[in-house]
Amino acid sequence: MFDDENYTHINLKEFSGHKDEVNCCAFSTDWEILVTGCDDCLVRVWNTLTNKMVCKLRGHQGAVKSCAFSNDSKMFATASYDTTVRVWQTRTGDCIHVLQGHTKSVEMVAFSPDCTKLCSGSWDCSAIMWDVEQGCVLRILSGHSSLVQSCDFDYKDKHVATGSWDYTVRVWPVSPIADEKVKILRGHTSNVHAVVFSRLGFLASGSWDQTVRLWNPDTSTLLFVLSGHTGWVKALAFSMDSLYLASAADDQTVTIQGGFKADKRRRRCC
């Protein structure tokens with residue numbers, strides 16, 4: 001899969017300045033801007049070419065738990081323990097919106113592919129879909145019985161998935177349709193910490209039960225249970241071609257598994 005000779009040199013860059021635990025980071029699509037969020041309540045913006053901090057953004061009154069860029073990199077969003085989500089303009093560092101609606105710490109934020117919507121997940125057991133331009137609530141996604149730790153939009157902008165500490169994944173229609181119900185994906189035996197869609201429409205979920213599950217979200221079908229980790233699975237990422245899935249766990253390993261075929265029938269892996 002990889003040519004080891006091309007991965008023998010690591011160009012390490014260090015961005016220092018935060019005064020407490022750094023909880024999250026996100027790159028712009030051109031990789032030239034890095035945003036980081038910290039327990040010190042600050043958001044820092046960095047130039048990755050010069051390794052210098054561009055600006056320090058204040059406003060949150062609690063730890064910054066998650067951050068994400070829009071696909072056009074014109075905006076980024078931050079989620080905080082202070083129960084708010086903030087939307088910032090990348091070019092100026094101005095705060096465009098302070099989104100209020102959650103009642104407990106906001107743990108996750110993600111943009112829709114068309115950059116018009118946000119989804120946030122919270123300790124109040126809800127996810128909220130936001131209108132980015134207007135800075136208002138579009139829908140409150142209620143149904144989970146514990147923390148909503150993760151969320152992600154599919155690439156067609158038709159569904160948003162949420163992962164919860166109630167051990168379930170839910171797939172919600174972005175635009176409510178009368179005959180389309182929320183899908184509840186069950187099977188994990190502990191907290192779901194990460195969810196991610198592939199460009200081909202697969203949905204992966206990672207859990208503290210040490211497994212990664214791959215789903216067909218259209219039919220709620222479980223395709224694979226990917227094992228191998230000996231610790232909590234904390235993060236997931238698909239390759240651009242959707243053939244490989246990386247999972248990171250607190251067992252100090254990153255596992256890459258694949259390749260997944262372009263159809264969504266059960267057990268198609270090689």
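The model is predicted: local features need pLDDT of at least 70, side-chain atom pairs count only at pLDDT 80 or more, and totals for chains, interfaces and linings use all residues. Residues are numbered from 1 along each chain as its sequence is written, and side-chain values use heavy atoms, with hydrogens and water left out.

Four strands form an open sheet in the order 17-18-19-20, with antiparallel pairing. Its edges are strand 17 (192–197) and strand 20 (221–226), each of which pairs on one side only. Neighbouring strands in this sheet are turned by 20° against each other on average, direction ignored. Such angles run from 0 to 180 degrees between N-to-C directions, with axes as lines fitted to C-alpha atoms. Strands here are DSSP runs (E, at least two residues), numbered from the N terminus. Two of them pair if DSSP finds at least two bridges between them.

Now look inside the sheet. Strand 18 (residues 203–207) and strand 19 run antiparallel and are joined by four bridges. G206 has V212 of strand 19 as its bridge partner.

Strand 19 (residues 212–216) also holds R213. What is the nearest side chain of opposite charge to R213? It is D209, 4.6 Å away. R213 is buried yet has no salt bridge. Buried means under 20% relative accessible area, exposed over 50%, and partly exposed in between (1.4 Å probe, protein chains only). For charge, Lys and Arg count as positive and Asp and Glu as negative; His and the chain ends are not counted. A salt bridge needs a side-chain nitrogen of Lys or Arg within 4 Å of a carboxyl oxygen of Asp or Glu. A polar atom of the R213 side chain does lie 3.1 Å from the backbone oxygen of G187. Leaving aside residues up to four places away in sequence, R213 touches G187, H188, L203, A204, S205, L222, F224 and V225. Contact here means heavy atoms within 4.5 Å.

Turn to the charged pairs. The whole structure has four salt bridges. One of them joins the side chains of R44 and D40 at 3.2 Å, N to O. Both R44 and D40 are buried.

Another salt bridge joins the side chains of E107 and K65 at 3.0 Å, N to O. This pair links distant parts of the chain, 42 residues apart: E107 is in strand 9 (residues 106–111), and K65 is in strand 5 (residues 64–69). E107 counts as buried because its relative accessibility is 10%. K65 has a relative accessible area of 23%, so it is partly exposed.

The side chains of D114 and K117 also meet in a salt bridge, at 3.4 Å, N to O. Salt bridges that share partners join D114, K117 and D157 into one network. D114 is partly exposed, with a relative accessible area of 38%. K117 counts as buried at 11% relative accessibility.

D157 leads on to backbone geometry. Most residues other than glycine have a negative phi. Phi of D157 is near 60°, a positive value. D157 lies in the loop between strand 13 (148–153) and strand 14 (159–164). Its relative accessibility is 17%, so D157 counts as buried.

N51 also has a positive phi, near 65°. This residue sits in the loop between strand 3 (43–47) and strand 4 (52–57). Is N51 buried or partly exposed? N51 is partly exposed because its relative accessible area is 30%.

Notes. A polar contact is a pair of N or O atoms within 3.5 Å; within protein, one must be able to donate a hydrogen and the other to accept it, and residues adjacent in sequence count only if both atoms are side-chain atoms.
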